[in-house]
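Subject: Structure handover

Dear colleague,

The structure you asked about is below. My notes on its side-chain contacts and surface follow.

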Amino acid sequence: MEHPENNEEYAGLTVNKGVVQPPQVNPYLKPKKRKKLMSAGEYVEGILKGDVTILSRAVTLVESLAEEHQKVAQEVIEKCLPYAGNSLRIGITGVPGAGKSTSIDVFGLHVLKQGGKLAVLAIDPSSERTKGSILGDKTRMEKLALNPKAFIRPSPSAGSLGGVARKTRETIVLCEAAGYNNIFVETVGVGQSEIAVHSMVDFFLLIQLAGTGDELQGIKRGIMEMADGIVINKADGDNIDRAMLAKAQFQSALHLFPPTTSGWMPEVLTYSGYYELGIKEVWDMIYRYFDYVKGNGFFESRRMEQEKYWMYETIDEQLKENFYRDEEIQAMLKLKKQNVLENRQSSFVAAHDVLKYYFAKMGLKK
């Protein structure tokens, strides 16, 4: 393009060269050194000493998908197992907006007043499109986040609930080995997450709301049968009467269900997480439950059932992972998917062909 300033009639015009743009990368910025992967023994030593930094790094290792990290992580978990198992594991669930994080903040402070340490493992829902998570649980647990005896660890569900549930289960072992004698596991609050969390805790607390327009929406058979205790949040101000009505409805609903395997009759209480009302009563109920199930032997039998459950879950996950990582299977799936989309094969026949090929490859008979 022709520049008019270079024309002779503008001979007296002086054109500045302009300002030199600074480099986009800070020249004074030193490249960050990658942390050296510690040995399993070093991780275990730090965890047993209660070193929060090493515990956090060990949890990151457990969550990593890298094969070399997983090998070290499993060795760390194996070595921590003898020091685990001596905590109260409490699962906390409820619909979005029920006040789970606010409640955990005040519940946690109440528990810490009794002595010991608390670990909060929160499963954060991930975007289905970007797979990203906000991981903002610490911002909603302002008081607990500042307490040196509390360890808060949000984990992204990343679209794989089974994967994050197994990793949460393993994180519990690490936290217990680090001396945390109270473990809270907060669920996403939707779908199958309650089932996964129920299979790794000793007490399952369901947080409900009153005055939301449809009280019966909260009375779902599946989740009600899993709950060991039901608490109705936001029982304050003008909402107290509605909370008491909801309490009566839930108590009536519980009587329609068959007896629990523990023999414990779930209790229904009201409280206010925001105003910190009724918190002691909720925890008195939880401690009554533990006294009851430890007295009749259900506490130990439930934990043994959970160990068996996670063994089978891990087998299922490893088989699935082995199947989908196979390069020949990946190529065959691509071809079969095209056949299904173009109506040349049904979904069931395509799946049967892929599995038949896989079983033959593994030397198995279907």
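Tyr 289 has a relative accessibility of 1% and therefore counts as buried, where buried means under 20% relative accessible area, exposed over 50% and partly exposed in between, with a 1.4 Å probe and protein chains only. This is a predicted model, in which local features need pLDDT of at least 70 and side-chain atom pairs count only at pLDDT 80 or more, while totals for chains, interfaces and linings use all residues. Residues are numbered from 1 along each chain as its sequence is written, and side-chain values use heavy atoms, with hydrogens and water left out.

Aromatic contacts

There are 16 aromatic pairs in the structure. Rings of Phe, Tyr and Trp (its six-membered ring) pair if their centres lie within 6.5 Å; planes under 30 degrees apart count as stacked, over 60 as edge-to-face and the rest as tilted. Trp 264 and Tyr 289 are an edge-to-face pair, because their ring planes are at 85°, with the centres 5.4 Å apart. The pair links distant parts of the chain, 25 residues apart: Trp 264 is in the loop between α10 (240–254) and β7 (267–270), and Tyr 289 is in helix α11 (residues 279–295). Helices (H or I, at least four residues) and strands (E, at least two) are DSSP runs, numbered from the N terminus. Trp 264 is buried, at 9% relative accessibility.

Another edge-to-face pair is Phe 323 with Tyr 358, with ring centres 4.9 Å apart and planes at 80°. Phe 323 lies in helix α12 and Tyr 358 in helix α14 (residues 347–361), so this pair ties together parts 35 residues apart in sequence. Both Phe 323 and Tyr 358 are buried.

Trp 264 and Tyr 289 also belong to one aromatic cluster, together with Phe 203, Phe 290, Tyr 292 and Phe 299. Lys 294 lies over the face of Phe 299, at 5.0 Å from the ring centre. Lys 117 lies over the face of Tyr 180, at 4.3 Å from the ring centre. For such a contact, NZ of Lys or CZ of Arg must be within 6 Å of the ring centre and within 35 degrees of the ring normal.

Salt bridges

The whole structure has 16 salt bridges, each defined as a side-chain nitrogen of Lys or Arg within 4 Å of a carboxyl oxygen of Asp or Glu. One of them joins Asp 202 and Arg 303, at 2.7 Å from N to O. Asp 202 lies in the loop between α8 (193–198) and β5 (203–209) and Arg 303 in helix α12, so the pair ties together parts that are 101 residues apart in sequence. Asp 202 is buried at 2% relative accessible area, and Arg 303 is buried at 10%.

Lys 280 and Asp 284 form a salt bridge at 2.8 Å, N to O. Both lie in helix α11, four residues apart, about one turn of the helix. Lys 280 is partly exposed at 49% relative accessibility, and Asp 284 is partly exposed at 28%. A network of salt bridges links Asp 326, Glu 328 and Lys 361.

Surface

Met 311, Tyr 312, Ile 315 and Leu 319 make a nonpolar surface patch of about 430 Å². Patches are made of residues with over 30% relative accessible area and no salt bridge, with like charges joined within 9 Å and nonpolar side chains (Val, Leu, Ile, Met, Phe, Trp, Tyr) within 5 Å. Ile 315 is in helix α12 (residues 298–325) and is partly exposed, at 43% relative accessible area.

Regards

Note on methods: Areas by Shrake-Rupley, 256 points an atom, 1.4 Å probe, with all protein chains shown as cover.
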